[in-house]
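Here's a quick briefing to read alongside the model. Have the viewer open and follow along.

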Amino acid sequence: MPAAHASAQSALQHTVLGPAIFAGVGVHTGAHVRVSVRPAPTDTGIVFVRTDITDQDNRVPAAAEAVCKTQLGTVIGNAAGVTVSTIEHLMAAFATLGVDNAIVELDGPEMPIMDGSSEPFVQILDQAGRRQQDAPRRYIEILAPIEVVDGDKSAKLLPSSQFEVAFEIVFDSPVIGRQAVDLVMTEDAFRTELANCRTFGFAHEVEALRAMGLARGGSLENAVVIEGDRILNPEGLRRPDEFVRHKALDAIGDLYVLGAPILGRFEGRLAGHGINNQLVRALVAQPDAWRIRTFAPELALAV
């Protein structure tokens, strides 16, 4: 049994202890949205509920097959056409803080962007607390390499006894250039190495995005904005390599639509939400490349 998963806490499922209520603006819609993260029974997974919709099915489970759009964010939808967008930063917090089951109620089409990172969600979940549940946590153990390639972009999952995340980006921008990060992804590592790293974009793209109905809520309060060879945000960067660390954060959230934490190594190169979801779907389509593992019975025997 991997040392990183040897505790009773990680062997069993968890939900939030009490409701976590917050609000904010959607980065793309610009809409103000109120959210309540509530406890859920074992084996529920993460389910989003659109409380502003009452005349049709308003439940959208965060599942691999539910991802319906990946342009500048991950969007999930159900058979009724109800969608929830920009879920990846909250999903990354759920994945790394060990929240298996939760109901996320929101009264709009998009999760609030908060400050553009996962840190506000980590703080919100800390305030709500977490409760251990009487059911084993299921892990997705990678048994064989899975890779998707699209031109110079790629993403892969490789066997490993722990969850590792490696990412590399290359931008033709003097502010970014080439950056890489490679981490063993524990809860502590997420909190200290990735959680506060913000989404980013280029000033010259903003008007085009807004013409497409995107980035209407984007601002220097919730994104790092680059113009030429400078950062427009007065406070500057939180880390010199904040850009690649945020891409790693995104990948963690995108992978969690698989419905369980991963025992394996993720490697992404120039990848985004689209490639990440292609990798998720490729994994699901190759059941011989992975298996579900639980550790609670082994833990009981050890005691």
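This is a predicted model: local features need pLDDT of at least 70, side-chain atom pairs count only at pLDDT 80 or more; totals for chains, interfaces and linings use all residues.

Residues are numbered from 1 along each chain as its sequence is written, and side-chain values use heavy atoms, with hydrogens and water left out.

- Let's start with strand β14, residues 164–170, where 6 of the 7 residues are buried. Buried here means under 20% relative accessible area, with exposed being over 50% and partly exposed in between (1.4 Å probe, protein chains only).
- Strands are DSSP runs of E with at least two residues, helices are runs of H or I with at least four, and both are numbered from the N terminus.
- β14 runs antiparallel to β15 (residues 178–184), and 7 bridges join the two; two strands pair if DSSP finds at least two bridges between them. To spot this pairing, look for Glu-164 opposite Val-184.
- β14 also pairs with β20 (residues 265–269), this time parallel, through 5 bridges. Here Val-165 stands opposite Phe-266, while Ala-166 has Glu-267 as its bridge partner.
- β20 has another partner in β13 (residues 153–158), which runs antiparallel to it with 5 bridges.

**Aromatic pairs**

- How many aromatic pairs are there? The count comes to 6, where rings of Phe, Tyr and Trp (its six-membered ring) pair if their centres lie within 6.5 Å; planes under 30 degrees apart are stacked, over 60 edge-to-face and the rest tilted.
- Phe-22 and Phe-121 make an edge-to-face pair, because their ring centres sit 5.7 Å apart with the planes at 65 degrees.
- Phe-22 belongs to strand β2 (residues 20–25) and Phe-121 to helix α3 (residues 119–128), so this pair ties together parts that are 99 residues apart in sequence. Both Phe-22 and Phe-121 are buried.
- Elsewhere, ring pairs link Phe-171, Phe-200, Phe-202 and Phe-243 into a cluster.

**Thr-15**

- Is Thr-15 buried or exposed? Thr-15 counts as buried because its relative accessibility is 0%.
- Thr-15 is part of strand β1, residues 12–16.
- Leaving aside residues up to four places away in sequence, Thr-15 touches several residues, including Arg-38, Pro-39, Asn-101, Gly-129, Arg-131 and Gln-133. Contact means heavy atoms within 4.5 Å.
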